Amino acid sequence: MKHVVVVGAGIGGLSAAAVLARAGLDVTVLEAHIYAGGCAGTFFHQGYRFDAGATLAAGFYPGGPMDALARAAGIPAWPVRSEDPALTVHLPQGDPIHRWADPARWASERAKLSGPADAFWEWQERTAEAVWGLASRLPPWPPASLPELIDLARIGASVLRSLPPGLRAGSLAADALTTAARHLPAANPQLRLFVDGQLLISAQTTSEHANALYAAAALDLPRRGVVQAEGGMGAIAHTLAESIKRLGGRVLYRHEVTGIRMRAGAPVSVETRRAGSFPVDLLILNLTPWNAAALLGADAPSRLRRLPPYPAGWGAFTVYAGIDASVVPDGFPLHHQVILREPLGEGNSTFLSISPAWDAVRAPAGRRAMTLSTHTRLDSWWGLEKDGPAYSEREAAYTDRLLGAAEHVLPGVRSAAGLVLPGTPDTFVRFTRRIGGWVGGFPQTSLFRSFAPRLAPAIWLAGDSIFPGQSVAATALGGLRVAQHVLRSLGSGLDQPAASRHIAGDPIR
């Protein structure tokens with residue numbers, strides 16, 4: 001029996017592991033932390049369960065990415081509840097804008113963005129239908145071989161035959177090479193501000209730089225509905241981990257991987273700090289490209305060796321706060337983006353999430369867990385001594401600014417916060433082991449920036465660095481694609497359950 005080892009228990013690695021365990025492979029997931037989830041994990045502190053990074057999830061609608069994963073991994077149900085509105089956006093002027101899943105309510109709500117906007121949203125929704133239809137079929141992108149190129153052409157042709165009314169193949173091709181800003185009317189700066197804020201949290205860049213196809217799909221997630229996980233975001237990863245164990249696989253925590261032994265260009269064992277080595281025939285690295293390069297060392301493929309020493313781009317500054325529940329009005333939306341005129345740090349927006357009143361395990365009685373986050377440049381923290389006064393002053397200033405932004409949404413929340421924990425990029429290094437504290441994947445400026453899953457013979461990459469990028473739904477699709485790669489590499493002789501044959505053969509529809 002083939003030994004599959006997955007390094008890292010993020011959503012991407014767990015998704016691949018669950019499908020492969022159901023296919024009858026010997027699967028072991030090695031996780032350095034004490035629980036699963038990575039950037040979509042939930043940690044425990046003083047009676048609170050705080051979401052470490054991601055605070056809302058999408059893709060659970062019928063036929064969506066998480067529905068496909070559940071079918072492929074044999075998961076009967078996810079521990080989630082629908083959340084509507086998905087989030088509320090607060091611009092520097094005007095009324096808050098609620099991102100409703102209901103089409104009529106959303107059409108009415110976005111009318112608050114004064115000026116011409118209908119043509120933009122019509123483009124966005126039509127294009128998103130085509131892009132998500134393509135992504136759900138697990139296209140081999142970017143293609144790494146002639147068979148993958150042929151497979152991509154077959155899937156693309158199928159998508160083109162079923163384009164939404166009003167959308168032409170030529171416009172999709174043009175959008176593959178341009179940015180979302182091309183579709184934004186110059187006469188509506190408020191719309192651009194709104195879209196830029198949304199893209200910054202879903203594509204790690206703004207409309208001037210975001211690839212148009214990716215931007216259309218990313219902006220569509222709230223319209224397709226988001227969910228709140230019972231017990232926090234980590235419950236989704238926990239469900240996957242339990243499914244792996246139920247299917248005969250193993251998920252081992254406190255197993256930090258220190259190296260990979262290779263022979264003739266293929267992995268033969270995975271070395272851990274405390275538990276010795278694990279034999280491996282097929283290796284999946286649920287890591288950033290930088291972490292994968294460090295782990296493989298001299299055996300890393302050339303593309304990993306060509307990476308700059310540290311990841312460029314965004315990290316996150318986060319505040320985890322325990323607040324008095326009385327400050328939260330009944331029926332108050334749980335997720336908010338606050339966009340201010342003045343800078344919070346390197347950006348001017350913050351994302352605020354509050355635990356639901358119905359989820360009693362998230363906070364002590366009479367309290368709620370609240371997470372605040374804003375983008376920050378990673379290199380702006382690297383030059384500071386972690387225990388030095390400049391670092392402490394900057395941490396305190398960012399904490400104060402984020403709590404001030406929260407006051408725009410919940411007046412009195414600063415005084416209602418009995419527990420305040422700041423989290424810098426260094427915090428993410430400790431929590432996720434991601435080099436540099438890099439979160440959110442690559443800024444989606446080009447469709448060619450993602451890594452292909454297959455790094456080398458018998459070695460694959462999972463997570464937010466492969467297509468289709470960040471978010472629970474995207475990394476789950478990436479994990480399904482990795483499982484598809486692995487199963488195809490083993491040939492048709494493998495005895496696979498029906499759902500796994502579906503992943504390995506015909507695309508999900």
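Rings of Phe, Tyr and Trp (its six-membered ring) are taken to pair if their centres lie within 6.5 Å, with planes under 30 degrees apart counted as stacked, over 60 as edge-to-face and the rest as tilted. By this criterion, ring pairs link Y35, F43, F44, Y48, F50, Y320 and F431 into a cluster. The model is predicted, so local features need pLDDT of at least 70 and side-chain atom pairs count only at pLDDT 80 or more, whereas totals for chains, interfaces and linings use all residues. Residues are numbered from 1 along each chain as its sequence is written, and side-chain values use heavy atoms, with hydrogens and water left out.

The structure holds 23 aromatic pairs. One of them joins F120 and W121, whose ring centres are 5.0 Å apart with planes at 80 degrees, so this pair is edge-to-face. F120 and W121 are both buried, where buried means under 20% relative accessible area, exposed over 50%, and partly exposed in between (1.4 Å probe, protein chains only). The rings of W290 and W438 are also edge-to-face, because their centres lie 5.1 Å apart and their planes stand at 65 degrees. W290 belongs to helix 10 (residues 289-296) and W438 to the loop between helix 15 (425-432) and strand 20, so the pair ties together parts that are 148 residues apart in sequence. Both W290 and W438 are buried. Helices (H or I, at least four residues) and strands (E, at least two) are DSSP runs, numbered from the N terminus.

Charges over rings were assigned where NZ of Lys or CZ of Arg is within 6 Å of the ring centre and within 35 degrees of the ring normal. R81 lies over the face of W358, at 3.9 Å from the ring centre, and R303 lies over the face of F451, at 3.9 Å from the ring centre.

An open sheet of six strands has the order 10-2-1-14-21-20, with mixed pairing; two strands pair if DSSP finds at least two bridges between them. Strand 10 (250-252) and strand 20 (454-456) form the edges, each pairing on one side only. On average, neighbouring strands of this sheet are turned by 20 degrees against each other, direction ignored. For such angles, axes are lines fitted to C-alpha atoms, for helices over the stretch in contact, and values run from 0 to 180 degrees between N-to-C directions.

Strand 1 (residues 3-7) pairs with strand 14 (residues 282-285) in the parallel sense over four bridges. Within strand 14, I284 is the bridge partner of V6, and L285 stands opposite V7. Strand 1 also pairs in the parallel sense with strand 2 (residues 26-30), over five bridges, and T28 in strand 2 is the bridge partner of V5. The chain passes from strand 1 through helix 1 (residues 11-22) to strand 2 in a right-handed β-α-β crossover, meaning that, with the strands pointing away from the viewer, the path from the first strand over the helix to the second runs clockwise. Four of the five residues of strand 1 are buried. Helix 16 (residues 472-489) lies across strand 14, strand 20 and strand 21 (459-461), at about 165 degrees to strand 21, with contact meaning heavy atoms within 4.5 Å.

The loop between strand 21 and helix 16 includes P468 and S471. The peptide bond from F467 to P468 is cis, with omega near 10 degrees. S471 has a positive phi of about 95 degrees although it is not a glycine, and S471 is partly exposed, with a relative accessible area of 31%.
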